[in-house]
Amino acid sequence: MHHALVACSPDGAFIAFAHGKRVRLFNTRQSKFVPLGNKAFGTEGKRLPHHTGVVRVVKFDKQSSRLLTCGDDKLVFVWNCVRGTCIGQKLMPKKLSAGQFGPDGRIVVADKTGDVYSLAPISEEEEKTMEKGNKSIEVEGSKTAGSSETNGNKRTGGDGTELPDAILKQLESLDEMKTEFLLGHCATVTDMQMLKIGGKNYLATADVEKKIRISLYPDSYDIVSFCFGHKAFVTRTDWAPFKTHDGAKIPLLLSGAGDGTVRLWEPKTGRLLDTWKLEPVVSGRTDATTPTANAAASTESAPCNGATTTVVNADVPKQSGAGGKRPAAAAGLSSGSDKNPDNPDTTGAVTVGCLAVSQWQSLAAVWRLGDSKIEILRVSEGALKPHSVLPVCNTPLSIAFDPQAHLWVLVLMNDAAALGVEVYGMREDGESFVKLEMTETLQGHLFENLDISADSLMKEYIRSHNAKATRKKMRVDKNDQKEA
């Protein structure tokens, strides 16, 4: 089960891709990749910043100027998106599993033990001062950059002016971002989101123990609510805007889990508004009792070559009742390619592998682990409604919407030897998606020589969940035998 990530910046100017230890940043406006790790400032002789473990988090800030990456190597990196320079790094105590930029510019990260921290990177003003006059730091005298010893070596900016002592100190140690403990879970934090409701900021943190905690930010000791209802580990979260009668937009929380459901929540109260159930694949079919499952979807397709398109418009029935389970035929997900021998989910349940929301169109794209299709839901009037089913040419691994409601899909190529990207956009009728023609730079392979050791955390979550379920069943059976 390959691990890969894709993320879009809020303004659509940058797209970030990650696989294993590698991260690639693409500038959509200039149609070129931005090399990460450029030595815009720092001392000579130091190694360029890079990850030494699997990258688990790739996030942009609201200004689309900074990129956050972190993962199994316990390292947190902050990158300047335009120049590709590392402007901050921090070594944390444990492996990291989730992260996000805060509204105050700080970084929030969570580790696999459930601890959540806040980190303070350098400000934009400090960054500009550090790069004053040039993109590089010139060292006068010996290569012992920044030395304040009697040899008189001094570090200057590209314009020849001497840098202030405070800036020199930060140059010498980029990993001294101030760290503050925010909150703790009793299990691994799988994902987090920042929400703003009524002028207040909220932090939503999900974990493998089936719950989502809503806390005030940055005063996270103040717990606002808990969202209970999932029957298995929560895998992904995102927020969707809900338009009220007076035109105001209130963010609702969307979550996917290992129980095969996508749930819509009211964050401030923890109230469950709606539930969408994904159908499991049984012997290559969506439901063994529903032989006509394929007939529910109206599909128009073309070969996935060059500029050809693949479109699907699911003519599915409305969901019956808020929070109800739709008919199995509505899924439209039955294909021999759905069966994935690498899927370790032995319980038969469906795991939500990825979740992405288009704030503009109020659409939620849901990919279930091991599937070759992406289900599109519409978030409307506090409910989840069917929109369409999108078959992908190759095997999806991660999805993300950009501001124009284009769906970026990081895929495992059919030959299973490389990762590529596919982009889908909505047709003018607003009822279906079509595969878009990409710039030449993105055509072909994004990552080659795949790292087979870069395993998805989902596999670990599923194994743990199945083991707990087995132990629970054994205890129940043992108690039943005693009573008998």
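1. Let's start with Leu-203: this residue is buried, and its relative accessible area is 0%. Here "buried" means under 20% relative accessible area, "exposed" means over 50%, and "partly exposed" sits in between (1.4 Å probe, protein chains only).

2. A quick word on what you're looking at: this is a predicted model, where local features need pLDDT of at least 70, side-chain atom pairs count only at pLDDT 80 or more, and totals for chains, interfaces and linings use all residues. Residues are numbered from 1 along each chain as its sequence is written, and side-chain values use heavy atoms, with hydrogens and water left out.

3. Where does Leu-203 lie? You'll find Leu-203 in strand β16, residues 200-207. Strands (E, at least two residues) and helices (H or I, at least four) are DSSP runs, numbered from the N terminus.

4. Now look at who surrounds Leu-203. Skipping neighbours within four places in sequence, its contacts (heavy atoms within 4.5 Å) include Val-108, Leu-182, Met-194, Arg-213 and Tyr-217. Take Arg-213: its C-alpha is 8.0 Å from that of Leu-203, and the two are ten residues apart in sequence.

5. Over to helix α3, residues 457-483.

6. Leu-457, Met-458, Tyr-461, Ile-462 and Asn-466 are buried in α3. Among the elements covering the buried residues of α3 are β5 (55-60), β15 (189-197) and β25 (352-358).

7. Lastly, the cysteines. Cys-227 is buried at 0% relative accessible area, and Cys-354 counts as buried at 6%.
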